[in-house]
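I opened a new page to get my bearings in this structure.

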Amino acid sequence: MSAVFFHHFLFCYSELFALKNKFPAGTGVMWKAKEKQLSVEQINGHVAKRNRLIVGRAPENTEMLFTAAELYGAMAQCSSRAKMDQHAARAQLQMCRHLIARHVDDKNDRFALLDTARTLKDYVGKAMTGLVGDGIAYLQMVRDGYRWVDHFENHAVHGKPPTTRSPDYVFSRTGDLFVALAESKATKGASRAAFTKTVRDGYHGQVEPYLGRKIGTWIASHGYAVGSWMKSVKKAEIFIDHTVSSGSSSGNGEDPSENSDPRSVRFGSYCGVLTLLFGPDIGEAARDRRWRPSEQTFTTVDWLDRTWIVGEDAEWEPLVVTGEKHLISNRDRCDL
């Protein structure tokens, strides 16, 4: 762990410790069980340049419900990337998970950050807001039919990159040889107009330049910029800018070099899951194709007539068996 990150982590932990004293367990502030609602309130389509490999797709899902656990899982999936220190990423994720629990209520139906989130130090608030935005973007894409995700930087652009900027994620869905690009944006301070421009610029500057190009083994036929506007303390909103077809036909083409194969994206998605389950070392070894599952010892639990693989971070102490086929946690609150 670098000295810079350790210094940053100490400051973040001091913020967390202060919050624990300000909002002790049992005050009703912490978000634990309430299912939250979030809507797509703004959709803007952009006509793509004429290219038979580009096919627009508007978002079909405009409303979603999610629990705290689902959001934390989405944030974790977005953080499990290869080209950053995964130990640092995990520490940051855990910090943000505890912060979110104390800045989202467990009462209202709509997802929103409480006004107390504005009291955080700038760098802490930005880290939390960014990770929440990533998680919301991930949930939106999954709800819209995409099953696999990987980070754009894990795939090489063929030829000269069209720009120095790039999108965050690559998504793949069943039955589609082409993939979708996604850029996540988030704010808890910008005005609606300013953030609308931010999302639009994210689409034009980070998504659009890569559409129809060969990257790795795949071609992106469409893309999205997904923005999480969290300025209101009553409800957050999702803004989406997306690709609209220019009217030209598309397809894999007759030239085999133009064929799009999304398997590398799906492989990267599974490597991300392995990182979450067994830690960065195994996740990176799997991505480099050096991991041998036959040489790995797995901890398993038999429950509900199935065998479950237990991740390395499982906390055994709070798990108790109350009877046949009942495995529960004996924790009634979230402690630091």
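This is a predicted model: local features need pLDDT of at least 70, side-chain atom pairs count only at pLDDT 80 or more; totals for chains, interfaces and linings use all residues.

**Rings, charges and cores**

I began with ring clusters: Tyr138, Tyr146, Tyr169, Phe171 and Tyr224 are linked into one by ring pairs.

Next I searched the whole structure for aromatic pairs and got 16 of them. One is Phe66 with Phe111, a tilted pair with 5.5 Å from centre to centre and 55° between the planes. I checked where the two partners sit: Phe66 is in strand β2, while Phe111 is in the loop between α3 (86-103) and α4 (122-143), so to speak a link between distant parts of the chain, 45 residues apart.

Buried or exposed, I asked of Phe111? Phe111 comes out at 0% relative accessibility, so I wrote it down as buried. Another pair I looked up is Trp229 with Phe239, which is stacked, at 6.0 Å centre to centre and 25° between the planes. Trp229 belongs to strand β7 (residues 218-229) and Phe239 to strand β8 (residues 237-244), and the pair links distant parts of the chain, 10 residues apart. Both Trp229 and Phe239 are buried.

Phe66 has a relative accessible area of 0%, and the cut-off for buried is under 20%, so Phe66 is buried. What is Phe66 in contact with, leaving aside its neighbours within four places in sequence? My list reads Trp31, Lys34, Glu35, Lys36, Leu38, Leu71, Phe111, Leu139 and Arg143. For Lys36 I also looked up the C-alpha separation from Phe66: 5.4 Å, with the two residues 30 apart along the chain.

Then charges over rings. The charged end of Arg97 sits over the ring of Tyr72, 5.9 Å from the ring's centre. Over the face of Trp148 I found Arg266, at 4.0 Å from the ring centre.

Last, the cores. How many residues does the largest nonpolar core have? I got 46, and the residues with the most contacts inside this core are Trp31, Phe111, Met128 and Ile136. Helix α4 gives the most to this core, with 10 residues.

Technical notes: Residues are numbered from 1 along each chain as its sequence is written. Side-chain values use heavy atoms; hydrogens and water are left out. Buried means under 20% relative accessible area, exposed over 50%, partly exposed in between (1.4 Å probe, protein chains only). Contact means heavy atoms within 4.5 Å. Rings of Phe, Tyr and Trp (its six-membered ring) pair if their centres lie within 6.5 Å; planes under 30 degrees apart count as stacked, over 60 as edge-to-face and the rest as tilted. Helices (H or I, at least four residues) and strands (E, at least two) are DSSP runs, numbered from the N terminus. A charge sits over a ring if NZ of Lys or CZ of Arg is within 6 Å of the ring centre and within 35 degrees of the ring normal. A nonpolar core is a set of buried Ala, Val, Leu, Ile, Met, Phe, Trp, Tyr and Cys residues joined through side-chain atoms within 4.5 Å.
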